[in-house]
Amino acid sequence: MGNEERLGPTAFSSLVAAIPALMIGYTFAFPSSAILDLTTESAGLPENYRLSIHLADTFAALAPIGALVGAPLSGVMSDRWGRKEALVCCGIPYLIGYLFLTYAHYMPTALGFQALVFTGRFMTGVGMGWAGSCGPVYIGEISSPKLRGLFGTFTQIAVATGIVLNYGISSFPTITYFHSSLVAVGIITVFECLVVWLKESPSWLIRHGQHQKAVKVLQWLRGPSVKVEQEVERIQEAESLSLWLAMKEMSTKRHIAIPIVLVMLSMFFHQIGGAHVLSTYAALLFESAGVAEPELTALGAVGGVELVATFLTILVIDFVGRKFLLVLSSIGMVVGSAMLGAHYFITRPSTCTQLVSIVNSTAEESEFLQLQEARSGDMFENCINTQFAPLAISSAVLFAVAYSIGWGPVPWVLLSELIPVRVRGAPVG
């Protein structure tokens, strides 16, 4: 391919394509402070507008449920109409969702408010699932083989950046959930203005018979002095393999099947490791521990730590190895989870059972009012043992660091490194 390959166009395209992933982190972190606003008087909501504890948990869970809808829609559109078109459209659910969350604050009825809040949260989840599929695929297909691992980490960096951004915005005393929603609308608007300048994926163009256009796109990406014929041939070889033949080859050849299984397992543990739960409930965790500024603490102890650790991991990953980082990450996450569990076990005094009994024994209509009365009185204050607040913070920091050095970024690198070129087009596309 030559030694004069330029990085600017690929880096720009990858950064733009990673903005939807930034919104994944932003959306995961959104309930961390939004639930505080939606369940208390901090956002100026009337009492009958505020969510009960059960409805607040439902609000947080609607985004992952929406992601289950967005992911297959993204795959269908990405294959039929192109990677670029899928990226353009992935901003639409985000835009609708955050507009609903912004406008909900001005609804004249409690029922309308809750309808917009829940629908908006679900739509942002659809955007998460959509972005999680089309963004990494596009970045992988426009990157040269030797830099695919590097550009592949843009996704995890963007997710960590989105978490930090949401925590940072929410840490300002005058900022509430609908202000954060309005910021998200602005980010997606900027993304939609930038994404129109991207080129279509060369792999998709070759798959759909647009060979000359694919050559022009590769030439634009790699530079006018770079010979792209060898890369075009490699893409043609991968794309000429039908899905049925690819699946047959994966099932009969161990050197192909085993790496794909490992990649699938790594992505599975990437999702269920618990980091997204920590991002979603970080401010609530620190509030329950008696931390004075829970949003600001979440910004530093979770968001900032994850972002810094992710950057450092990218710098050292080639020196220490992928396997070592995954093992170290697993140990750290286990210890961090155990410390967090110990914190809740130690700091739960008997007076807290009174507060729990209120939630469990009252009718749904009166649950919120009684819980709010408890939270504002001595009974809730007795449930907070600030003596062990450092344990809660240190456990969250340890877990965030451990995740960010292994199970956060490494699966994205393995995705681009372990799957052979000959069958990469089938499983990824």
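In this predicted model, the second largest cavity holds about 30 Å³ of space. A search of the whole structure finds two cavities of 30 Å³ or more. The lining of the second largest cavity consists of Q156, V159, I163, A275, H276, S279, E306 and Y403. Helix 7 (154–170) and helix 14 (275–288) are the elements that give two or more residues to this lining.

Confidence should be kept in view when reading the model. The protein chain has an average pLDDT of 78, and 79% of the residues score at least 70. Residues 358–382 have a pLDDT below 50, and this stretch makes 38 contacts in the model beyond near neighbours in sequence. The pLDDT is also below 50 over residues 421–429, a stretch with 28 contacts beyond near neighbours in sequence.

Next come the aromatic rings. A pair of aromatic rings is described by the distance of the centres and the angle of the planes. The count comes to eight aromatic pairs. One of them is Y106 with F178, edge-to-face at 6.0 Å centre to centre with 70° between the planes. Y106 lies in the loop between helix 4 (83–103) and helix 5 (110–142), and F178 lies in helix 8 (residues 177–195), so the pair ties together parts that are 72 residues apart in sequence. Y106 counts as exposed, at 53% relative accessibility, whereas F178 is buried, at 11% relative accessible area.

F178 also pairs edge-to-face with Y177, at 5.6 Å centre to centre and 85° between the planes. Both Y177 and F178 are buried. Elsewhere, Y26, F30, F59 and Y98 form one aromatic cluster.

Notes: Residues are numbered from 1 along each chain as its sequence is written. This is a predicted model: local features need pLDDT of at least 70, side-chain atom pairs count only at pLDDT 80 or more; totals for chains, interfaces and linings use all residues. Side-chain values use heavy atoms; hydrogens and water are left out. On a 1 Å grid over the protein atoms alone, a cavity is a set of points where a 1.4 Å probe fits but cannot get out, and a pocket is an open set with protein on both sides within 12 Å along at least five of seven lines; lining residues have an atom within 4 Å of a point. Grid points are joined across faces, edges and corners, and a volume is the space filled by probe spheres set on the points. Helices (H or I, at least four residues) and strands (E, at least two) are DSSP runs, numbered from the N terminus. pLDDT is the predictor's confidence in each residue, from 0 to 100. Contact means heavy atoms within 4.5 Å. Rings of Phe, Tyr and Trp (its six-membered ring) pair if their centres lie within 6.5 Å; planes under 30 degrees apart count as stacked, over 60 as edge-to-face and the rest as tilted. Buried means under 20% relative accessible area, exposed over 50%, partly exposed in between (1.4 Å probe, protein chains only).
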